[in-house]
Amino acid sequence: MNTLLRNALMGPGHVSYDAARILWVVGTVAFIIGAMTFQGIAVAKGQPFSMIEFGTGFGGGLATILALGGAGISLKDRGVARASATMAPPAEG
């Protein structure tokens, strides 16, 4: 599991951690914790709480965070790969 998480958070070439991937994970975890917190507060006050309404009211909720985060990271990684492919090889000397 540790290797899977490390590989998921590293950028192309697995040289360093990628800030976009880390923020994607943080945003997803924050959404989930926020949903549970709001549900707990509503239940403690005796108010009804619908997880479906909370998720859809957030513009698609977690699905939006995952889809747009994945799309952004994919576009960035493709740009990095394209730039790496067009770089001149180092001069021998």
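Salt bridges and helix packing around Asp-18

The side chains of Lys-76 and Asp-18 meet in a salt bridge, with 3.1 Å from N to O. This pair links distant parts of the chain: Lys-76 belongs to helix α4, whereas Asp-18 sits in the loop between α1 (2-9) and α2, and 58 residues separate them. The model is predicted, and the distances and accessibilities discussed here are computed from it.

Are Asp-18 and Arg-21 buried or exposed? Asp-18 has a relative accessibility of 11%, so it counts as buried, the limit being under 20%. Arg-21 counts as buried too, at 14% relative accessibility.

Lys-76 likewise has another partner, Asp-77, and the closest N and O atoms of that salt bridge are 3.0 Å apart. Asp-77 is buried, with a relative accessible area of 17%. Through shared partners, the salt bridges join Asp-18, Arg-21, Lys-76 and Asp-77 into one network. A search of the whole structure finds 4 salt bridges.

The helices themselves come next. In general, two packed helices are described by the angle between their axes and the distance between the axes. Helix α2 covers residues 19-44 and helix α4 covers residues 62-86; they pack at an angle of about 180 degrees, and their axes are 10 Å apart. Angles over 145 degrees count as roughly antiparallel, so α2 is roughly antiparallel to α4.

Which residues of α2 and α4 meet? From α2 come Ala-20, Arg-21, Trp-24, Gly-27, Thr-28, Phe-31 and Ile-32. On the α4 side are Leu-62, Ile-65, Leu-66, Gly-69, Gly-70, Ile-73, Lys-76 and Asp-77. By class, the residues of this contact divide into 8 nonpolar, 4 polar and 3 charged.

Methods
Residues are numbered from 1 along each chain as its sequence is written. This is a predicted model: local features need pLDDT of at least 70, side-chain atom pairs count only at pLDDT 80 or more; totals for chains, interfaces and linings use all residues. Side-chain values use heavy atoms; hydrogens and water are left out. Axes are lines fitted to C-alpha atoms, for helices over the stretch in contact, and angles run from 0 to 180 degrees between N-to-C directions. Helices (H or I, at least four residues) and strands (E, at least two) are DSSP runs, numbered from the N terminus. Angles under 35 degrees count as roughly parallel, over 145 as roughly antiparallel, 65 to 115 as roughly perpendicular and the rest as oblique. Contact means heavy atoms within 4.5 Å. Ala, Val, Leu, Ile, Met, Phe, Trp, Tyr, Cys and Pro count as nonpolar, Asp, Glu, Lys and Arg as charged, and the others, Gly among them, as polar. Buried means under 20% relative accessible area, exposed over 50%, partly exposed in between (1.4 Å probe, protein chains only).
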